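Hi everyone, thanks for coming.

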Amino acid sequence: MKINKLYVSAIVMILLMLGFTYIAVGMDSKSAGGDIVNDLAILGAIVIFSATIIVAIKYVRQMQTDKATGKLAEDNWDGIGEYENELPIGWSIIFLGTIVWAFWYMLFGYPVNAYSQIGEYNKDVKISNAKFEKKYTNLTKTQLTNMGESIFIVDCAACHGLAADGLNGTAANLNKRIQVKSVEYVIEHGSDNHLSAHELATGMPVMSAGLTKKQIHTVAEYVSNGFDKSNKAGAKIFASTCASCHGADGYGTPYVAPNIHTFTPTLVAHIVGHGKHGGIGVMPAFKNLNPVQLKAVATYVTAISKGE
Amino acid sequence: MFHWLEKHPFLFAVGVFVVIAFAGLVEVLPNFAQASQPIIGTKPYTILEYAGRQVYIHQDCNACHSQLIRPFKSSTERYGHYSLSGEYAYDRPFLWGSERTGPDLHRVADYRTIDWNEKHMINPEALVPGSIMPKYPWLYKDPTDINTAYATQVAAAEFFHVPYNVPIPLKNGKTTIIPLAPNLAAAHAMALKEAKAIVDQGSDKTLQEDVAHGKIPQIVALLAYLNQLK
């Protein structure tokens, strides 16, 4: 009778668990039956439940019938004793193995393979840089301009505006090479932004000596309006005071003075990478752009400054 | 041998706690002590920056802006180098924030200027079309609380030994000294001097006049604070 009761309760338990499983899974009609993974899960559940119960029954029966023999240990706790059995061989192997593993882990396993967030970040950066290089090495001019436009919207538009008009004097208007205000400022204050993009190049000295305010304004208008030939007075002042460094048409002289007639990608890239301060204000340097991105945004700005 | 321990469960529990906690202390504390040291280039707040920090907290900027750049390529590409714990050494409390309704601000001074912030705070939409950031016109009128800022600064120096009046190493190998005013009147004078340098870099004529007349609107302090976030 005893054994029957055990088996009966085991069968009841298995059925109960299967019932719960069915309810848990079957409530959602889409998950049961539709996907093989669910069927496999249910199968697995049945196997695990059954195995658990069969093993439990085995030990319960053993406890009911077993008569222990052997030498009792000296220690006993409230009458509960312990046999002095041999260590099971499998257990001993695992125990010693764990000790060996612990030393390996302490000395090599952890130090060599340790996870670090920054390590993962560095790896990530490397991978993404490699991907970038592979994808964007030989760009056509259109691709470069498109990339430049997106960079401009993200990094530059906040100051220069989406239309690159400088947002009412917040930053330079990039639809032309330079504004009257900026030219006047440079003549009156000089400039040391390393625009000549050469280590040895010095800045521009203050050039207002010998020029009246009106003359400064005239030559500034001449430069700002794209070397406007109709501005005879301006052209004259430029030829006598500025051309020695900037060249007859303001296209610049290598190592001496930058191009002030048009933007070139090199000039813009240099400004973006180093920042600039002048008559309008201060522009921070953008160190986060890689060379391709720098070239892209510079190409884009050069294009819009020419009205392309 | 340890029977007596088993007979005193409370003592036993305490013993277990101490043994396990000791391992924790050995693992955590030295690293923590090292990481919380200011890194080279991290400076204590000046009087005006402290006042600006109070404005930042008072206006709950940290409810929408975080100050913690995480080490992800996407984050560092946008905001700059990931944040290091030593950079917060003088922040009590730090303003990491947990919400990015707006962008992170931990290095905002690397890519925004005083002039830009001055124009932005009064009307964000004028510079960033579609921006949902509110306008803060009252900051351009309400006076800065220099007294509290000075009290905070003195407390930081006295209780937390924040290094004022001593050379602080900078990234470029030079050093700088952040002064702590000897008394309240000197603190006010110092704040005003700082304020002048700030508004001179902006273009708002009204603010420049205010400072020339000895007033420091809250925005000036906030600009000083934002300008050192880098």
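I'll start with the ground rules, then go to the interface, the aromatic rings and a few backbone details.

This is a predicted model, in which local features need a pLDDT of at least 70 and side-chain atom pairs count only at pLDDT 80 or more, while totals for chains, interfaces and linings use all residues. Residues are numbered from 1 along each chain as its sequence is written, chains are lettered from A and ligands numbered from 1 in the order in which they are written, and side-chain values use heavy atoms, with hydrogens and water left out.

Let's begin where the chains meet. How many residues of chain B are in contact with chain A? There are 19, and they touch 23 residues of chain A; contact means heavy atoms within 4.5 Å. Together the two chains bury about 1600 Å², with 57% of that on carbon and sulfur atoms. Buried area here is the accessible area, taken with a 1.4 Å probe, that two parts lose on being put together, summed over both.

What about polar links? Between chain B and chain A, 4 residue pairs are in polar contact, both residues being at pLDDT 80 or more. A polar contact is a pair of N or O atoms within 3.5 Å; within protein, one must be able to donate a hydrogen and the other to accept it, and residues adjacent in sequence count only if both atoms are side-chain atoms.

On chain B, the elements giving two or more residues to this side are α1 (3-6), α4 (73-79), α5 (114-122) and α6 (124-127). The largest share, 4 residues, comes from α4(B). Helices (H or I, at least four residues) and strands (E, at least two) are DSSP runs, numbered from the N terminus.

Now for the rings. Over all chains, a search of the whole structure finds 16 aromatic pairs. Rings of Phe, Tyr and Trp (its six-membered ring) pair if their centres lie within 6.5 Å; planes under 30 degrees apart count as stacked, over 60 as edge-to-face and the rest as tilted. Take A:Tyr105 and A:Tyr110: their ring centres are 6.1 Å apart and their planes at 55 degrees, so the pair is tilted. In B:Tyr45 and B:Tyr50, the centres are 5.4 Å apart and the planes at 55 degrees, so this pair is tilted.

Are B:Tyr45 and B:Tyr50 buried or exposed? Both are buried, whereas A:Tyr105 is partly exposed at 36% relative accessibility. Buried means under 20% relative accessible area, exposed over 50%, and partly exposed in between (1.4 Å probe, protein chains only). A:Trp101, A:Trp104, A:Tyr105 and A:Tyr110 form one aromatic cluster.

Finally, some backbone details. A cis peptide bond, with omega about -5 degrees, joins B:Arg92 and B:Pro93, and B:Pro93 sits in the loop between α4 and α5 of chain B.

Over in chain A, A:Phe227 is not a glycine but has a positive phi, near 55 degrees. Where is A:Phe227 found? Look in the loop between α7 (213-224) and α8 (232-246) of chain A. A:Phe227 is buried, at 3% relative accessibility.

A:Asn231 is placed in the loop between α7 and α8 of chain A, and is buried with a relative accessible area of 15%. A polar atom of the A:Asn231 side chain lies 2.9 Å from the backbone nitrogen of A:Gly234.
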